[in-house]
Amino acid sequence: MAVKGRYCYDYPRPAVTVDAVVFYISDTGNIEVLLIRRSNPPFEGAWAFPGGFVDENETVEQAVQRETAEETGVVHDGFELFGVYSKPDRDPRHRTITVVFMSLLGFKPQPLAGDDAARAAWFGIDALPEMAFDHRDILEDVLASFHEE
């Protein structure tokens, strides 16, 4: 039943988000990942992948491009689907399922924090800061997939 632009259901509905795991490999072979520092709870001040909630009238592919551009200033359309993460407690606010995309850039753009990101920066994978949600686990899964190829 719709109530003035809001949906009401008898059963709870999970939220859908996207996360972008964006890599750059330097000339010396160092792998870097693009992260944003969260400016809002939960995990305020912790680092995370660029990402966020999927809007009502967009695809997850559109959402990952939009969120990456909004939070880092990096405009990119070469994302590949990596996987879906759905542990019921992965977000302390409510039930959230994330669709994870990855990309390897052939250049290293200077990120510019925007939207709800306090900062945006590149980090070497051997010098990572504290990460929000289950993003460290996701990063480990993505890196492990490189060894499988």
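What volume does the largest pocket have? The largest pocket has a volume of about 290 Å³, where a pocket is an open set of points on a 1 Å grid over the protein atoms alone, at which a 1.4 Å probe fits, with protein on both sides within 12 Å along at least five of seven lines. This is a predicted model, in which local features need pLDDT of at least 70 and side-chain atom pairs count only at pLDDT 80 or more, while totals for chains, interfaces and linings use all residues. Residues are numbered from 1 along each chain as its sequence is written, and side-chain values use heavy atoms, with hydrogens and water left out.

Lining the largest pocket are 21 residues, of which Arg38, Gly51, Gly52, Arg93 and Phe133 lie nearest its centre; a lining residue has an atom within 4 Å of a point. Two or more residues of this lining come from each of E3, strand E4 (31–38), strand E6 (51–53) and helix H1 (60–72), strands being DSSP runs of at least two residues and helices runs of at least four.

The second largest pocket holds about 180 Å³ of space, and its lining includes Arg13, Pro14, Phe53, Val54 and His94.

Strand E3 (residues 15–25) is also the place of Thr17, which is buried, with a relative accessible area of 8% (buried means under 20%, with a 1.4 Å probe and protein chains only). Among the residues that Thr17 touches, not counting those up to four places away in sequence, are Gly52, Phe53, Val54 and Thr98, contact meaning heavy atoms within 4.5 Å.

Conventions: Buried < 20%, exposed > 50% of the residue type's maximum accessible area, 1.4 Å probe, protein only. Points joined across faces, edges and corners; volume = space filled by probe spheres on them.
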